[in-house]
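Subject: Handing over the two-chain model

Hello,

I am passing this structure on to you. Please open it first, then read my notes below.

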Amino acid sequence: MLASVRRIAAVTVMGLRAIPDRLGASLVIVIGMALVVAVTISILSMSVGFMRTVHNTGRIDRAIVLSHGSQYEFGSAISRDNALTIGDAPGIKIAGDGKPIVSAEYLVAVLVTKTSDGLDAYLSLRGVGLEGFALRPEIKLVSGRMFLPARHELIVGKSALAQFEGLEVGGQVPLADGDWTITGSFESNGDERESELLADSETLLSAMRANTFHSVTVMLQTPESLEQFRTAIAANPTLAVDVTRETEFLADQSKYLNTFLTMIAYVVGGIMGLGATFGALNTMYTAVSARALEIATLRAIGFSGVAVVVSVLAESLVLALSGAAIGAVAAWIVFNGNLHTVGGLVFRLAVPPSLIALGLAFAFALGFAGGLFPAIRAARLPVADALRAT
Amino acid sequence: MKYLPLVWNGLWRRPARTIFTLLSIAVAYILFGILSGIDAGFAHTLAVSRMDRLFTDSRFGAPMPLSYAEQIASVPGVAVVAPRSGLFGYFQDPKNSVYVLCADRRFFSLRPEITISTPQLETLLQTRTGAAVSAEQARKYGWKVGDKVPIQTQTAQADGNQVWTFDIVAIVDDLNYPGGGGWFIANYSYLDEGRVTEKGTITRFLVRIRDPERGGQIGHQIDKLFANSSVATRTSSERSGAQSGLQFFGDVNFLTGAVLGAVFFMLLFLSGNTMLQSVRERVPEFAVLKALGFSDRSVLSLVVAESVLLCLLAAALGLLVSKLIIPIARGPLSDFLLLLQMPWTALLRGLGLALIVALLSSLLPALRVKQLKVDALVKRQ
C-alpha cells in the first residue's frame, strides 16, 4: 500500500517537474483559470457587499409596519392616528423613560449628484420619531452635532457623504420650504442607513405639508414578541396594515438586485469556465502526448494506471489552482472595499475568504474536468505502440 | 483559394486539439453575443428616450397644481404640454403591482410610440372609467376588452373605498418596448373627480419642445417659473432620465467591457498556443513545402490562413448559438433587463475581433515558419 502511494507520488512529481518544459501550453490553463476566477469573484463581490449592507441593516427584534399590500415604504401610508395605535400595541419594548420604542417615519426622495460621474441619483431623507435613535442604537454621530427638532436640520450618513456632491457637514440641502442645514454625519455599522439623510419626522412632515407617515418601525421586547404584536395589530379593526420582521422585509427588498447580480455572475462565470475547460483539455492532451514515451516506460516497468491518472490530474489541478489563486488575489486587491453605488444605495464591494474559497473550488472542478479524460487516455495508452513510436 | 484544401487539412491534423480550441473560442463568442444583446437592450432604451421630450417633475415630491400646464405652455419653444398623474396599486395580489397612469388626449400625442388607434382613443376618452393597457400586461393578467378590472390602491374615493374599478376598452402594442414592460392608462378626470385628497394636482408634465437642442435651456426656463412657487419643479430630458435610470444596475458598459476584455485576452493565449503547437509539429512539412518551391510568403500565408479559418469558424459558430439562445433567454430575463438580438454592427465587430485574435496569434508561428531553413530541417530529419 505504502509502496504504491510512494510510486504515485514519484510519477506525480515527475509530471509536475516537467511543467516548465511545456510552459506555453501550461500558461493556457493558468491564465484561463485566473481570468475566469477573477471575473466571477468580481461580479459576486458586488452581490456579497450589497447583501452584507442589507444584512447589517436588519435586526430580528425590530418589525416594520406598512399599510396593507404595500411592498415599499414609499408606497405605504399610515395616518397619525394609526401610528399612535400601533405604538400602543403589546409586544413593543419599553424604554427607560416608560415610552415604547417606536418610530413613525416619513421619507422624502432628495435629488443629488454622484461625485464620480455627475449623474443624478435619489437619496432617501428619512424623518425619524423621537425614539428613532433608541430604536437604532447602531447609529453613531461621527462629526458635527445632532439635528434639533423644529429646525431645518438634518444629518448625513457616511456613505452618502462619500459618494454624492455637496453633502458635507455645514452644507445645505434644498427642500420644499427652503434649505436645510447638514449639522452632522453618522455611521451605522455599514448599513443602508449610511446612504440616507436623517431628520426629525414632525419637522419634515410640516415642511412637506404632509399628514401621513410612510412606515412605523418598532423595537420588539424579544424576537419572539413578533407574533404577540402582529396578532394585536391584526385584531384591531381600525388598522389595515402588514407587520413584517425587519430582517425579512429587507431580504425581500433586496431579492431582486441580489438575484440579478448572482445570476449574471454565474452565467458569465459558467460560460467562461466552459471555455477555460476546453482550453485545459487541450493542454492536458498535449501534455499526455508529450509524456507518452515517459508514461509508456513507467507502465512497462510496472507502474500502475492509477499512478499515471493521478499524475495527470495533479498537473491539471496544480495549474488550475495556481491560476485561480492569481485571479482571486487580483480581484481582492482591485475590488475589496471599493465603494459602489446602485441607485441611491452605497455599499462596499467585498471579497471575503468564502468567496475566494468558492473561486478555488470552481477552478478545482474545472481543472478536474479538464484533466480527467486526458488522464484516462494516458492510463490506457498502449505501452508497446508508444515505445515503438520513437 | 486553391490552397484551401491544404489549409483545411492542416487545421484538422489533430482533430481533438482543433475541436477543443474551436469550442473554447465558440463558447467565448456565445458570451460575446449575449453581452452584446444586453448592451443593445440598453442602447435601445436610451435611443427611444427622446431629446425633444422633457419631464417636469416636482422638485421635492409634493404634487404640482394642474394650472402649471398653461404656464409651461407659455414658455417659448414648448409645443405640447401633457399633464399626467397616477395611482399605485395592485390587481388581486400585492405582488401584481399595477401603476395606473392617468392622463388625457395630450398624453398620446406626446407618446406616439403607443400605437393606439383613433377609434380606440375616442372610446377611451368617452368612457369615464375606461383604460387602455399594453398587450404585455393584458396577457399577464388575462384581461380582455370589456373586462372590469378592480385595482386596490392607497388612494381613497369619496366613500372611503380604495378600490378603483376600470373598464378595459383597448389593448395596445408598444413599439418602444416589444415584449417587455407593461402600462395601464386611464382618464385623469376619473381619478381627479373620484379622489378626496390632492384634487387638481399632477405628478408629472410631459413637455414636447420644438428644438431638441434647446432642451437644457427650456428646462431651465420652466424651473425658473416655479422657483418661488409653493411647489418647485425640476425639468430634465427623457434621455438624461434614462441614463440615470440605467445606473440602477451599476455601470453595465464597464462590466461588459471588462468581461469581454478578459475573454479576448484568454482567447489570444488559447489560439496562439494551438497555432504554436501545430506549427512546431509540422516543421518538417513546411520544410518540404519550401523545398517544393513555396515562397516564404506563401508558407507564411498558409499559417495565417489556418489561424484565420479556425477563429472565424469558431466565432461564427458561437455567434450563431448565441443568436439562438437570446430569444429563449429573453423571457426569464425580462424582469431584470431587456435582452435584444445583437445588431449587425456587434456581429461585425465580433468577427473583426476574431480576425484580430487570429492574426495576432498566428504572428509568432508564421514568423517561425518564414525563417525556416530547408537544409537545417533536412539535417534534422
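Is Tyr190(B) buried or exposed? Keep in mind that this is a predicted model. Tyr190(B) is buried, because 20 other C-beta atoms lie within 10 Å, and 20 or more is what a buried residue needs. To find Tyr190(B), go to helix α7 of chain B, residues 188-194. Set aside its neighbours within four places in sequence, and Tyr190(B) is in contact with Arg128(B) and Thr129(B). Lys224(B) is another matter. Tyr190(B) and Lys224(B) are 34 residues apart in sequence, and 31 Å lie between their C-alpha atoms.

Next, the domains.

Chain A is divided in two. Domain 1 of chain A takes 2-55 + 254-388, and domain 2 takes 69-239. Their centres, taken over C-alpha atoms, are separated by 48 Å. The two domains do touch: nine residues of domain 1 of chain A are in contact with 14 residues of domain 2 of chain A. On the domain 1 side, α2 (23-57), β13 (339-342) and β14 (345-348) of chain A each supply at least two residues. β14(A) has the largest share of that side, with three residues. By class, the domain 1 side holds four nonpolar, four polar and one charged residues.

Chain B is also divided in two. Domain 1 of chain B covers 4-47 + 250-380, and domain 2 covers 61-231. Here 51 Å separate the domain centres, again over C-alpha atoms.

Now the place where the chains meet.

How many residues does each chain bring to the contact? Chain B brings 37 residues and chain A brings 39. On the chain B side, α2 (15-48), β3 (78-90), α9 (238-246) and α10 (252-281) each supply at least two residues. α10(B) gives the most to that side, with eleven residues. The chain B side has 22 nonpolar, 13 polar and two charged residues.

Then the helix packing in chain A.

Start with α10 (residues 305-335) and α11 (residues 353-380) of chain A. They pack at an angle of about 155 degrees, with their axes 7 Å apart. Angles over 145 degrees count as roughly antiparallel, so α10(A) is roughly antiparallel to α11(A). The crossing of α10(A) and α11(A) is right-handed. Their contact has 23 nonpolar, eight polar and one charged residues.

α10(A) also packs against α1 (residues 2-17) of chain A. The angle is about 40 degrees, and the axes are 8 Å apart. That angle makes α1(A) oblique to α10(A). α1(A) passes α10(A) in a right-handed crossing. From α1(A), the residues that meet α10(A) include Arg7(A), Ile8(A) and Val11(A). From α10(A), the residues that meet α1(A) include Val306(A), Glu315(A) and Val318(A). The contact of α1(A) with α10(A) divides into eleven nonpolar, three polar and two charged residues.

α8(A) passes α11(A) in a right-handed crossing. On α8(A), the contact residues include Gly273(A), Ala276(A) and Val288(A). On α11(A), they include Phe362(A), Pro374(A) and Arg377(A). By class, this contact has twelve nonpolar, five polar and one charged residues.

Last, two backbone points, one in each chain.

Asn189(A) is a residue other than glycine, yet its phi is positive, near 65 degrees. Where is Asn189(A) found? Look in the loop between β8 (178-187) and β9 (197-200) of chain A. Asn189(A) is partly exposed, with 14 other C-beta atoms within 10 Å.

Gln92(B) is the other one. Its phi is near 65 degrees, a positive value in a residue other than glycine. Gln92(B) is found in the loop between β3 and β4 (97-103) of chain B. Because Gln92(B) has 12 C-beta neighbours inside 10 Å, it counts as exposed.

Over to you.

Best wishes

Key
Residues numbered from 1 in each chain as written. Chains lettered and ligands numbered in written order. Predicted model: local features only at pLDDT ≥ 70, side-chain atom pairs only at ≥ 80, totals over all residues. Domains from an automatic or database assignment. Contact = placed C-beta atoms within 7 Å. Helix = DSSP H or I, 4+ residues; strand = E, 2+ residues; numbered from the N terminus. Nonpolar A, V, L, I, M, F, W, Y, C, P; charged D, E, K, R; others polar. Axes fitted to C-alpha atoms, helices over the stretch in contact; angles between N-to-C directions. Parallel < 35°, antiparallel > 145°, perpendicular 65-115°, else oblique. Left-handed = near helix turned anticlockwise from the far one by under 90°.
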